[in-house]
Amino acid sequence: MDKRSLTERDICTKFITPALRAAGWDEISQLREEVTFTAGRIVVRGRLVARRKRKRADYVLYVKPNIPIAVIEAKDNTHSVGGGMQQALDYAETLRIPFAFSSNGDGFVFHDRTGESTPPELSLPLDAFPSPDDLWARYRTWKRLTPKAEEIVLQDYFEDGGGKTPRYYQANAVNAAIEAIANGQDRILLVMATGTGKTYTAFQIIWRLWKARRKKRILFLADRNVLVDQTMANDFRPFGGAMTKLSRSIDTSYEVYLGLYQAITGPEQHQKAYKKLSPGFFDLIVIDECHRGSAADDSAWREILEHFASATQIGLTATPKETKYVSNIAYFGEPVFEYSLKQGISDGFLAPYKVVKVHIDRDIEGYRPEKGQRDREGKEVEDRLYSPKDFDRKLVIDGRTKAVAEKITAFLKESGDRFQKAIIFCVDQEHASRMREALVNENADLVRGNSRYVMRITGEDEVGKNELGNFIDPESPYPVLVTTSRLLSTGVDVQTCRLIVIDRLVGTMTEFKQIVGRGTRVHEDTEKYYFTLMDFRKTSRLFADPEFDGEPEQIYEPGPDDPVLPPDPPRHDPPEPDDGEIIVDGGDPPGLPPTGPLKKIYVDGIEANVVAERVQYLDRNGKLITESLRDFTRRALRERFASLDDFLSRWNREERKQVIIDEMASEGLPLAEITQELGEDLDPFDLICHIAFGAEPMTRRERAERVKKRDALTRYAGQARAVLDALLDKYADQGVLNLDDATVLTIPPLDSLGTPLELVGAFGGKPGFERAVHDLQFELYRESA
């Protein structure tokens with residue numbers, strides 16, 4: 001048998017697996033082959049949706065199920081023994097696995113990521129693979145685990161018998177929390193993006209500690225009833241009869257309690273039901289969505305946490321809150337595990353999204369009432385300039401509300417799916433009511449079929465709140481369009497939501513991430529692979545914030561007469577997937593005192609129209625740039641070209657100047673648009689020299705005239721000289737860079753000089769034509785060389 005002719009799979013079957021078996025690894029419980037651990041990033045190109053290749057490790061070795069300890073990357077025998085090590089280390093870092101191996105069937109290369117071995121990488125014979133006990137002993141030493149801590153760390157996960165297992169990052173989070181608790185840490189923070197299964201992760205942590213009898217009475221604390229009910233009915237169901245919902249009358253015979261903090265505390269002493277329990281009653285408390293105030297010194301959550309201060313406390317959040325007044329990290333400590341929105345999108349577990357930015361004239365210009373303008377009640381409107389911060393909070397322009405409803409409806413119609421579930425975030429509950437009315441009027445045909453097509457779901461609307469379950473249910477077609485203020489901004493799991501509309505100012509990154517998170521769940525049964533965020537309040541500025549970690553797939557700003565649906569990217573052929581891609585689808589904030597209704601001014605008869613006012617640019621990292629365009633362009637160009645000489649060298653070396661322009665456009669520097677936006681009539685060459693390096697610019701016409709004055713093209717005569725002069729004029733008028741592209745000979749005025757074949761023939765053939773054009777380009781930029 002020629003070993004070098006064997007496939008990678010043969011190498012695994014005939015050499016690697018037998019070596020693992022001989023080292024004592026159990027093939028049923030400790031050894032898994034071809035382990036796929038990501039879902040494959042979802043790629044959206046117009047209407048084409050594809051998944052990239054999933055990441056797959058050849059082997060993952062486990063101490064026990066869901067407690068991985070080693071990864072092995074196999075290669076066929078034409079590779080070296082260590083040929084797979086870089087890939088193994090990449091997988092090991094993602095999976096938080098300490099030991100990585102590479103093999104081609106001749107032996108192993110072993111890399112110890114713990115820092116406990118010297119040297120960290122060494123070669124092993126095929127019959128010297130470490131045993132489970134060997135690797136576990138190394139792991140135990142690395143983590144400084146005592147025998148008592150080891151018992152907790154090795155406690156089994158819950159298995160439902162149906163094959164559901166934690167995703168790799170959920171297991172990482174569970175194991176990180178368990179290890180921290182086993183080593184005596186009593187304040188734990190887990191940061192996981194919305195839609196990544198924080199509650200299921202919390203369940204596995206609680207289950208393992210409960211089954212190990214390390215934590216006997218557990219409290220799961222939330223601030224919204226729907227979150228408690230969802231948790232009891234779904235992820236926490238295995239606790240069965242040991243679980244109850246906490247209320248003001250507390251039954252102490254249960255072990256797992258789920259509580260709404262408002263139900264066990266309040267401003268009055270008689271409302272503080274939690275004080276009926278001794279401070280040591282709970283020994284584990286898990287706080288869901290802890291960014292909403294549990295770490296604030298004056299919050300109702302905090303007094304509960306301080307009463308049960310001896311308990312281990314775990315905070316779950318998608319967005320740790322760090323302000324002058326509130327700090328989760330100061331209370332819980334640095335996160336023991338983080339899984340970001342960006343990582344979730346990259347892995348394919350979260351849906352990517354497009355952004356439609358809509359600008360309304362009143363928002364850009366503001367509104368100043370005419371002299372003597374009266375409101376709906378006949379009172380004179382105060383004469384001042386009202387800004388977007390005032391709209392729908394202090395001043396109501398119904399024409400603006402109507403314009404927003406029209407654009408939302410236009411988007412739904414253009415998309416071809418008017419039954420895609422959508423959440424419209426409004427300024428307050430009154431605004432949500434008016435928006436509901438405007439959407440009803442714009443969608444009267446569908447409302448006639450079912451009045452629940454549009455509904456308001458807010459804290460004060462009992463009818464609407466009763467429909468929340470139907471809105472969440474993927475099987476329920478109604479409600480479709482839901483207006484709200486803040487009730488749906490966090491915690492509510494609407495898996496099939498395809499459209500998020502923001503028509504209120506969003507002041508914090510925490511809140512913005514939570515709103516975006518309403519759409520990030522993937523729902524393959526209904527072919528929901530991405531969603532659209534429609535922004536009416538310039539909230540998209542937060543994409544440029546360094547705290548935001550999940551850039552959009554596409555940003556689109558429609559003009560007044562443009563369709564609202566983002567257009568497909570321009571293509572000459574039907575879109576096809578890249579290699580390795582598979583086509584998958586052609587109420588008010590809690591904790592604030594009631595302030596009473598704010599008196600609003602209603603002004604009728606004022607129109608509002610959609611306009612496109614400005615363009616923003618994405619940098620090479622996909623972040624939306626909101627700094628001044630000139631400053632952004634200067635910074636980005638100087639990052640690319642170290643000096644003016646560096647740029648001139650590259651420009652003069654590149655025969656096709658358009659190559660440089662295209663490269664910069666692909667990195668977020670579309671020079672033609674930047675030139676237009678800055679109002680500069682400059683060649684891209686002069687734009688770069690002037691903006692980035694302060695060189696004195698010349699217009700295209702000035703450059704062309706200098707070439708003519710130097711009479712630099714005297715060696716060409718007759719028809720050839722006429723062609724070059726026409727190309728020079730074409731450059732001066734339109735800035736054509738690809739002058740050596742023969743198709744330029746087919747457009748006026750060159751088409752009047754002869755056929756392309758005749759014109760190229762005047763230069764003695766195509767090589768002579770290209771040489772002449774290169775001479776022309778050299779003369780255009782000669783004084784800068």
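**Ground rules.** I'm working from a predicted model, where local features need pLDDT of at least 70, side-chain atom pairs count only at pLDDT 80 or more, and totals for chains, interfaces and linings use all residues. Residues are numbered from 1 along each chain as its sequence is written, and side-chain values use heavy atoms, with hydrogens and water left out.

**Helix pair α24/α25.** I looked up helix α24 (residues 700-710) and helix α25 (residues 718-734), which pack at about 160 degrees with axes 7 Å apart. That makes α24 roughly antiparallel to α25 (the term is for angles over 145 degrees). For the record, axes are lines fitted to C-alpha atoms, for helices over the stretch in contact, and angles run from 0 to 180 degrees between N-to-C directions. Helices here are DSSP runs (H or I, at least four residues), numbered from the N terminus.

Next I checked who touches whom, with contact meaning heavy atoms within 4.5 Å. On the α24 side I found Arg-700, Arg-701, Arg-703, Ala-704, Val-707 and Lys-708, and they meet Leu-728, Asp-729, Tyr-731, Ala-732, Asp-733 and Gln-734 in α25. By class, this contact has five nonpolar, one polar and six charged residues.

**Helix pair α13/α14.** Helix α13 (residues 398-415) and helix α14 (residues 429-442) have axes that come within 9 Å and cross at roughly 50 degrees. I therefore noted α13 and α14 as oblique to each other. The α13 residues in contact include Val-404, Ala-405 and Ile-408, and among those they meet in α14 are Met-435, Ala-438 and Leu-439.

**Aromatic rings.** How many aromatic pairs does a search of the whole structure find? I got 35, where rings of Phe, Tyr and Trp (its six-membered ring) pair if their centres lie within 6.5 Å. Tyr-139 and Trp-142 have ring centres 5.5 Å apart and planes at 85 degrees, so I logged the pair as edge-to-face (planes over 60 degrees apart). Both residues lie in helix α3 (residues 132-143), three residues apart, about one turn of the helix.

Buried or exposed? Tyr-139 is buried at 8% relative accessible area, while Trp-142 is partly exposed at 26%. My cut-offs were under 20% for buried and over 50% for exposed, with partly exposed in between (1.4 Å probe, protein chains only).

Last, I noted one aromatic cluster formed by Phe-158, Phe-203, Trp-207, Trp-210, Phe-220, Phe-236 and Phe-239.

Methods: Helix = DSSP H or I, 4+ residues; strand = E, 2+ residues; numbered from the N terminus. Parallel < 35°, antiparallel > 145°, perpendicular 65-115°, else oblique. Nonpolar A, V, L, I, M, F, W, Y, C, P; charged D, E, K, R; others polar. Phe/Tyr/Trp six-rings, centres within 6.5 Å; stacked < 30°, edge-to-face > 60°.
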